[in-house]
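Open the model in your viewer and keep the selection tool at hand. We will go stop by stop.

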Amino acid sequence: MNCCVVGLQWGDEGKGKVVDILAENCDIVVRYGGGANAGHTVVIGDTKYALHLLPSGAVRKSTVCVIGNGVVLDPAVLIDEIEMLKKHGIELESRFFISENAHVVLDYHKTEDRLREESLGKNKIGTTIRGIGPCYADKIGRSYAVRMADFRDMAKLEGKIENIVAYKNKLFGAMYKAEPIKAADIIEKCRNFAKALVPYVVDTTQYLHEAIDAKKRVLFEGAQGSLLDLDFGTFPYVTSSNASSLGMAAGCGVPAQMVERFIGVVKAYATRVGEGPFPTEQDNATGEYIRDKGHEYGTTTGRARRCGWFDAVAVKYSARIGAINEIAMMHLDTLKGIKELKICRAYSIDGKETTFFPSDAVRLSKAQCVYETLPGWDEDLTGITNIDQLPQAAKNYLAAVEKIVNVPITMVGVGPKRSQAIERKIS
Ligand code: GDP
Ligand code: IMO
Ligand code: MG
């Protein structure tokens, strides 16, 4: 069985942990979108891994890892990540493949990301400054793009980079009065990137189709979350890729028909990093309580995450567009100690109630949340290993989410460790 794991909120739902758990029964794990803006955490015993580009399956020594064409790859980050795993005794040789069509994030993308955000002032998107938007823009624009295959011919790439840097310098100088970037510095870095990464560069579409024909089990790992999807999220406060499961097929060349399970990951509440609408946000003591108990600080940028109640309208929408047939709910343990829990079951917009999430910023900004209130629990859930051991109030909370979202919850997270997840059979 092939499966796809995708975030149903605004990212950081716990995808890394869920992928690591499911990877035990898979042969290949594929990252198909986003770039080093992602930060996926895997905790095994006392060791914590934060992965930005490598699929979370990388921590399992026999799992094959693939970075698909839809990823924008920052070679410096990837090389650091490979080294980091090596220090933990985890080698990737002969089990790691990078798409020759994946686009490359270079220094001028990060510069452009920063310059643009700075110039926008209070209208900024709140990006991770990892060069994501500028790199995807160059991909769509075509004329100034670098792909992984280009590293195979450094002589040709040198000329290309000189050309691109001359163009970027004109642009950054005129727009932002920025200091010029030196092409020679980037070329020097690219020589090292080529040496380290070309051995992994292949046609991953061919590789994946042959593997599927050979009955290998493939797990597709989404990055970011469906509400950050470029087309279906809260535009313009989104990322620059199709971060919902709709991005999977285009991001690796495997169509959705070849995937049986679409697993949506959610937190038992909601978080968001960066700017943008967040209807259930609790910018108050409740939000602070959740941030403190859930350690809600960004894996990539360290920024404090905004916290709020579970938004079932938003999750129902993400599940719907993503063909989600199972939900993995993480961080149920974090809600301990809150007297009354709220779940947003509808929005009221201009006096009319709706249960269909409006991705349009103007309509969404008018949404007033209609909440269902449930009693909380005081019991510590972190040691629970069986769904039957959950306090009745926690069971009721899961049932309320399932009822509104209309998708069964098949995994429940009760702590950050690999061992702190309860799998639940659908009856
Ligand atoms: P991802 O980007 O979706 O992979 O999520 P992140 O790794 O950015 O953020 C999720 C955070 O929650 C990480 O620090 C995880 O270790 C942690 N985490 C995951 N599942 C649980 C859970 O069930 N309970 C608690 N308390 N922490 C969890
Ligand atoms: P994972 O995979 C949470 C957010 C940024 C910003 C917006 C655009 O760990 O869930 P970008 O740098 O992509 O141009 O920023 O998207 N963002 C994320 N938020 N988790 C992520 O990834 C994110 N990747 C991007 O904070 O609001
Ligand atoms: Mg994350």
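The tour below visits a metal, a ligand, some charged pairs and a surface patch.

This is a predicted model: local features need pLDDT of at least 70, side-chain atom pairs count only at pLDDT 80 or more, and totals for chains, interfaces and linings use all residues. Residues are numbered from 1 along each chain as its sequence is written, chains are lettered from A and ligands numbered from 1 in the order in which they are written, and side-chain values use heavy atoms, with hydrogens and water left out.

**Stop 1: the metal.** Select ligand 3, the magnesium ion. Asp12 (OD) and Gly39 (O) coordinate this ion at 2.0 to 2.2 Å. Donors here are N, O and S atoms within 2.8 Å of the metal (3.2 Å for Na, K and Ca); water is not among the atoms, so sites may look incomplete. Asp12 sits in the loop between β1 (3-7) and α1 (15-23), and Gly39 in the loop between β2 (28-31) and β3 (40-44), 27 residues apart. Helices (H or I, at least four residues) and strands (E, at least two) are DSSP runs, numbered from the N terminus. Is Gly39 buried or exposed? Gly39 is buried, at 10% relative accessible area. Buried means under 20%, exposed over 50%, partly exposed in between (1.4 Å probe, protein chains only).

**Stop 2: ligand 2.** Now select ligand 2 and its 20 surrounding residues, each with a heavy atom within 4 Å of the ligand. Lys15, His40, Thr128, Gln224 and Thr239 are the closest. The side chain of Lys15 places an N or O atom 2.7 Å from a ligand 2 oxygen. A backbone N or O atom of Val273 is 3.0 Å from a ligand 2 oxygen. How much of ligand 2 does the protein bury? The protein buries 97% of the 550 Å² that ligand 2 exposes alone.

**Stop 3: charged pairs.** Side chains of opposite charge can pair when their charged atoms come close. A salt bridge is a side-chain nitrogen of Lys or Arg within 4 Å of a carboxyl oxygen of Asp or Glu. By this rule there are 25. Pick Lys86 and Glu83, bridged at 3.8 Å. Both lie in helix α2 (residues 75-87), 3 residues apart, about one turn. Next, pick Arg191 and Glu188 in helix α6 (residues 183-197). Their closest N and O atoms are 2.8 Å apart.

**Stop 4: the patch.** Finally, select Tyr167, Leu171 and Met175. These residues make a nonpolar surface patch of about 270 Å². Patches are made of residues with over 30% relative accessible area and no salt bridge: like charges are joined within 9 Å, nonpolar side chains (Val, Leu, Ile, Met, Phe, Trp, Tyr) within 5 Å. Areas come from the Shrake-Rupley method with a 1.4 Å probe; for residues, only the protein chains shown count as cover. Met175 belongs to helix α5 (residues 154-176) and is exposed at 56%.

Note on methods
Polar contact = N/O pair within 3.5 Å; in protein donor to acceptor, adjacent residues only side chain to side chain.
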